[in-house]
Amino acid sequence: METKLKSVGIVGTGFYVPEKVLTNFDLEKMVDTTDEWIRTRTGIKERRIASDKEAASDLAIKASNKSLEDAKIYPAEIDLIIVATLSSDMLFPSTACLVQKNIGAVNAVAFDLEAACSGFIYGLSIAQQYLQNGTYKTALVIGAEIFSRILDWQDRNTCVLFGDGAGAVVLKEVEEGSGILSTYLGADGSGADLLRLPAGGSRLPPSHETINRRLHYIKTNGREVYKFATKSMVETVMKGLSRVGLSTKNIDLLIPHQANIRIIECVAEKLGLPMEKVFVNVDRYGNTSAASIPIALSEALQQGRIKKNDIVILVSFGAGLTYGATIIKR
Ligand code: UT7
């Protein structure tokens, strides 16, 4: 017997960014860089930095509570919690379990997901499957990062790019034909060396040597990641659209991963989209990795940028390498 899949959509969003603002001018005092270089090469003006007392789960909890309030649901209604993060509180237990306890989601299954900056899109897709087939009714998908703890504050190639924050969404069954219309995910492990945190895992456990060689910090080949980003995001959007018989003309708002304004503008141009149809907040938060899309989506909704029946595309790329897009009808 064939079971009809349910339509699943985002029914609540929320985000939280730490209070402390770190400007490009502050960075000028820390490494050999300038506000002018950072603004013109990345579009970033400032980013948020977590306090010493905050860990990824603290940011995730604040974003989650806002999304539950927005969705008007109680924590006990949540069946599934997925936290996409690269900067979890600890290697284990999962940040998702810490969130589950702290928000009082006593009935939820909880796990973390690691797909770098594409983690939130991967998480949405997993939650969507469970809800579509009726296994679960309500899911909470979160992107939460404290990259300031895994950045080398002596390395100008990376420390100027990232910021801290968290975004969360609640997913439930929605009116037929609306919600998530399609998802397209991909991975290319041949690019694993391009963006990584080498030590602290089973390959290179912590030692005096790994610390002395600064291997507990993010290393990247920015130029190669840049090339991959522009190519993969365009292809991913096109593949996602074609799965549901839509074209770029149908896009009302593109919410791309906020890594670099030049990447965003290049993707918009290749898709033939004017920048009015593209959401940008990289200037205020920098790259918040897995949190970037849910923060941007929350802000876009708050600013009234998404109307009923609009077609919205979330698209990301990240370490792995990974990429993915979600096509949504509000
Ligand atoms: O979300 C996934 C993670 N995101 C990424 O991995 C970022 C993707 N890549 C990018 O956004 C860009 O490639 C960057 C912003 C990282 C770099 O921009 P670029 O236009 O590709 O610059 P570049 O790497 O070609 O570097 C140009 C120059 C270099 O100097 P030389 O070798 O030409 O003398 C760098 O050393 O800029 C230098 N540079 C800096 N100068 C001042 C690199 N970082 C800085 C800095 N301040 N912070």
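**Close-up views of a predicted model**

**View A. Helix 11 and the residue that follows its end.** Because 9 of the 11 residues of helix 11 (residues 292-302) are buried, this helix is largely enclosed by the rest of the structure; buried means under 20% relative accessible area, exposed over 50% and partly exposed in between, for a 1.4 Å probe and protein chains only. Helices (H or I, at least four residues) and strands (E, at least two) are DSSP runs, numbered from the N terminus. The buried residues of helix 11 are Ser 292, Ile 293, Pro 294, Ile 295, Ala 296, Leu 297, Ser 298, Glu 299 and Ala 300. Just after the helix, Gly 304 adopts a positive phi of about 70°. The model is predicted, so that local features need pLDDT of at least 70 and side-chain atom pairs count only at pLDDT 80 or more, whereas totals for chains, interfaces and linings use all residues. Residues are numbered from 1 along each chain as its sequence is written, and side-chain values use heavy atoms, with hydrogens and water left out.

**View B. The loop between helix 11 and strand 12, with Asn 309.** Asn 309 lies in the loop that runs between helix 11 and strand 12, and its phi is near 75°, a positive value in a residue other than glycine. With a relative accessible area of 46%, Asn 309 is partly exposed.

**View C. Ala 116 in the loop between strand 5 and helix 5.** Ala 116 is placed between strand 5 (109-113) and helix 5 (119-132), in the loop, and has a positive phi of about 50° although it is not a glycine. Ala 116 counts as buried, at 4% relative accessibility.

View D. Phe 92 and Pro 93 are joined by a cis peptide bond with omega about 5°, and Pro 93 sits in the loop between strand 4 (80-84) and helix 4 (95-103). A cis peptide bond also joins Gly 320 and Leu 321, where omega is about -5°; Leu 321 belongs to the loop between strand 12 (311-318) and strand 13 (322-329).

**View E. The aromatic pair of Tyr 130 and Tyr 136.** The structure holds 4 aromatic pairs, and among them is the tilted pair formed by Tyr 130 and Tyr 136, at 5.0 Å centre to centre and with 50° between the planes. Rings of Phe, Tyr and Trp (its six-membered ring) pair if their centres lie within 6.5 Å, and planes under 30 degrees apart count as stacked, over 60 as edge-to-face and the rest as tilted. Tyr 130 is partly exposed, its relative accessible area being 30%.
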